[in-house]
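These are my notebook entries on a single protein chain.

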Amino acid sequence: MKVGLVGKVLGHSWSSKIHEAFFKEMGITGSYELIEVPQDKIDHFFASAAQQFDGLNVTIPYKVKALHHMPAMSQAAQKIGAANTLVFTKGRKEAHNTDYLGFGRLLDHEGIHLSGKRIIILGTGGAARAVLQYVLDQAPKEIIIMARNMEKGKRELIDFLARAPEVTMMDYDHQRDLPFHDTIINTTPVGMSPHTGFSPVRPEVFAKTREAAVDIVYNPTETKFMHLAKRAGVPCCNGLYMLVAQAIASEEIWMDQKVDRSIVECIAARLEEELHG
């Protein structure tokens with residue numbers, strides 16, 4: 001099986017470690033490549049990908065664009081409007097989204113509940129769409145989305161805003177005006193390696209966070225966002241477990257078979273141990 005990850009910059013990625021560990025665990029002969037493609041060449045890459053790979057994962061900034069290159073898509077990918085998994089095997093050419101499932105498993109793993117809560121989501125990109133859809137499906141009290149560019153953010157999320165009256169938007173210039181909230185979720189790449197030491201929000205925001213801070217960035221294992229949350233006494237987590245869960249879900253799609261949940265736990269624990277020496 002020949003699969004890989006396509007994105008603009010992938011020096012930070014740990015995806016190869018996860019998939020190689022999965023191949024070893026399952027006794028599969030396979031390869032997982034990291035494929036950096038500049039934005040002016042991504043359309044050509046997607047057009048010929050089926051001739052080169054059995055499947056692909058897709059990351060920043062191509063999750064929305066990938067959807068438009070596939071003739072078929074899962075219900076989740078269609079609803080979210082972004083794809084992180086493409087499959088080209090057994091005559092299939094389909095787009096899927098496993099970020100939704102991965103994010104849900106991360107929250108389950110951390111014991112974070114969203115029903116009836118006020119949730120802050122940072123970002124409006126492809127990952128934000130999967131997170132937003134998952135949060136909406138948990139019936140929260142309110143969702144506030146923070147965007148750097150309000151006009152662009154509203155265009156990117158127009159479908160969500162039209163069907164979800166509980167969702168409102170706010171720009172970062174007004175983050176001091178954020179109300180008290182239960183959970184804050186960072187879906188932006190701010191603070192991700194190699195550009196560490198930055199947080200998408202100021203320290204005072206965490207004084208209004210009652211329950212949890214979730215950063216879907218996984219490299220470094222403690223981002224500036226998480227550091228500020230911890231300093232404010234707010235429980236927090238990174239996106240490593242989400243990364244492993246969505247990766248294994250992608251493998252399930254490529255192989256067209258279910259994988260025992262214990263594999264996710266095993267690989268996540270092993271990677272966590274490796275990262276902490």
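**Entry 1. Surface and overall dimensions**

I began with the accessible surface of the protein, which comes to about 12400 Å², with 50% of it belonging to carbon and sulfur atoms. I note at the outset that this is a predicted model. I then looked up burial and found that 55% of the 277 residues count as buried.

For the secondary structure I recorded eleven helices and twelve strands. The radius of gyration is 18 Å, close to the 19 Å that the globule rule gives for 277 residues, so the protein is as compact as a globular protein of that length. The C-alpha trace spans about 50 × 45 × 30 Å along its principal axes.

Among contacts with a separation of 6 or more, 68% join residues 24 or more positions apart.

**Entry 2**

I followed one pair in detail. Strand E5 (residues 85-87) and strand E6 (residues 94-96) are antiparallel and share three bridges. Within this pair, Thr85 stands opposite His96 in E6.

**Entry 2. The parallel sheet**

I next traced an open sheet of six strands in the order E9-E8-E7-E10-E11-E12, where the pairing is parallel. Strand E9 (167-171) and E12 are the edge strands; each has a single partner strand, so one side of each lacks a neighbour in the sheet.

I then listed bridges across this sheet. Strand E8 (residues 142-147) and E9 are joined by five bridges, and Ala147 stands opposite Asp171 in E9. E7 and E10 pair over four bridges, with Ile119 opposite Thr183 in E10. E10 and E11 run parallel and are joined by five bridges; the bridge partner of Ile185 is Val214 in E11.

**Entry 3. Helices across the parallel sheet**

Helix H5 (residues 99-110) lies across E10, E11 and E12, running at about 135 degrees to E11. H9 lies across E7, E10, E11 and E12, at about 160 degrees to E11.

Which residues of helix H9 (residues 224-231) are buried? I found Phe225, Met226, Leu228 and Ala229. They cover an arc of only 160 degrees around the axis, which puts them on the same side of H9. Their cover includes strand E7 (118-122), strand E10 (181-186), strand E11 (209-215) and strand E12 (236-237).

Finally, I checked the backbone just after H9, where Gly233 takes a positive phi of about 80 degrees.

Note on methods: Residues are numbered from 1 along each chain as its sequence is written. This is a predicted model: local features need pLDDT of at least 70, side-chain atom pairs count only at pLDDT 80 or more; totals for chains, interfaces and linings use all residues. Side-chain values use heavy atoms; hydrogens and water are left out. Two strands pair if DSSP finds at least two bridges between them. Buried means under 20% relative accessible area, exposed over 50%, partly exposed in between (1.4 Å probe, protein chains only). The arc is that of the directions from the helix axis to the C-beta atoms. Contact means heavy atoms within 4.5 Å. The radius of gyration is taken over C-alpha atoms; the globule rule is 2.2 Å times the number of residues to the power 0.38. Accessible areas come from the Shrake-Rupley method with a 1.4 Å probe; for residues, only the protein chains shown count as cover. Axes are lines fitted to C-alpha atoms, for helices over the stretch in contact, and angles run from 0 to 180 degrees between N-to-C directions.
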